[in-house]
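Visitor: I'm new to protein structures. Could you walk me through this one?

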Amino acid sequence: MPQQEETMNVREVVTTLRKRFWMIVLVTLFFVVASAGITYLVMTPVYQAKSELLVNKSQEGNKPGTISRNDIESNLQLIETYSVVMKSPRVMDKVAQKMGEPNRTSALTGQINVSAVKDSQVISIEAKDPDKQRAAKLANTVAQTFQQEIVTIMNVDNVQILTEAKADAIKAPVQPKPAVNLAIAFVIGLIFSVACAFLLEYLDNTLKTEEDIENHLGLPVIGSIAVIESDDKTSVHSLKERQTHVAAAGENS
């Protein structure tokens with residue numbers, strides 16, 4: 001019995017999906033088209049430029065040009081501190097002034113991301129902006145300002161810029177991502193349309209088959225009347241003539 005009920009449930013699911021197939025397709029397609037329109041026509045492309053720094057603290061007690069293992073480990077531990085200093089008002093206020101936007105320190109801070117390259121003393125500065133040139137300028141300005149300010153903040157005078165951000169090297173925007181947006185819209189649209197299909201099926205209380213009558217009313221079906229539809233106008237006309245003759249014969253009798 002459980003197996004039979006499970007089979008019937010699966011059959012009902014398949015039947016519902018077939019019945020609402022075109023609705024599911026159209027709703028899903030609507031979500032995808034809407035997502036494409038928003039992605040390409042509404043959302044502003046954002047470009048990303050990257051600059052990289054190599055940071056070493058002052059080497060005291062070592063021979064020129066030599067770095068001990070302890071120095072490297074100490075520098076690695078300070079990478080997180082350097083990242084915080086780089087996004088601090090002490091640095092970003094001067095960055096905003098150099099960018100010609102002294103009142104947008106908070107906004108510029110939100111446009112940069114500072115991270116350490118794994119297992120190294122290299123710090124990566126990523127700047128995002130709708131304009132390629134401005135993104136590259138922001139990344140380079142943050143790197144140069146940090147190089148100048150860290151000398152007085154933490155007595156670190158060995159900061160080298162390894163990579164300068166260049167607008168010409170930026171090929172495509174990092175946001176929005178059309179493929180990701182369309183895939184998400186397809187999944188959401190499919191889930192929404194299927195849910196609507198089952199909801200409409202659940203709300204449909206009409207009786208369409210003998211099984212519906214037996215299941216909902218608990219009454220046995222003892223017979224049914226077939227509906228015969230004809231598209232042949234001649235047959236319909238002949239049927240009307242026969243009905244007329246029969247009616248006339250009845251009146252004469």
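Guide: Let's start with a definition: two strands pair if DSSP finds at least two bridges between them. Helices (H or I, at least four residues) and strands (E, at least two) are DSSP runs, numbered from the N terminus. This is a predicted model, where local features need pLDDT of at least 70, side-chain atom pairs count only at pLDDT 80 or more, and totals for chains, interfaces and linings use all residues. Residues are numbered from 1 along each chain as its sequence is written, and side-chain values use heavy atoms, with hydrogens and water left out.

Visitor: Over how many bridges do strand S1 and S4 pair?

Guide: Strand S1 covers residues 47-56, and its pairing with S4 is antiparallel. Within this pair, valine 55 sits opposite valine 159 of S4. The number of bridges between S1 and S4 is five.

Visitor: Which strands stand at the edges of the sheet?

Guide: The sheet is open, with four strands in antiparallel pairing and the order S2-S3-S1-S4. An edge strand has a single partner, so one of its sides is left without a neighbour in the sheet.

Visitor: Which helix lies across S1, S2, S3 and S4?

Guide: Look for the helix at residues 132-154.

Visitor: How far apart are the end C-alpha atoms of helix H2?

Guide: H2 has 22 residues, 21-42, and at 1.5 Å a residue it should span 32 Å. The expected span is 1.5 Å times one less than the number of residues. The model agrees with this, since the end C-alpha atoms of H2 are apart by 31 Å.

Visitor: Which residues of H2 are buried?

Guide: Buried means under 20% relative accessible area, exposed over 50%, and partly exposed in between (1.4 Å probe, protein chains only). On the other side of H2, residues including Trp22, Leu26 and Phe30 are exposed. The buried ones in H2 are Ile24, Thr28, Ser35 and Thr39. They share one side of H2 because their arc, taken from the directions from the helix axis to the C-beta atoms, is only 35 degrees.

Visitor: Where does proline 176 lie?

Guide: The peptide bond from glutamine 175 to proline 176 is cis, with omega near -10 degrees. As for its place in the chain, proline 176 belongs to the loop between S4 and helix H7 (178-203).

Key:
Contact = heavy atoms within 4.5 Å. Axes fitted to C-alpha atoms, helices over the stretch in contact; angles between N-to-C directions.
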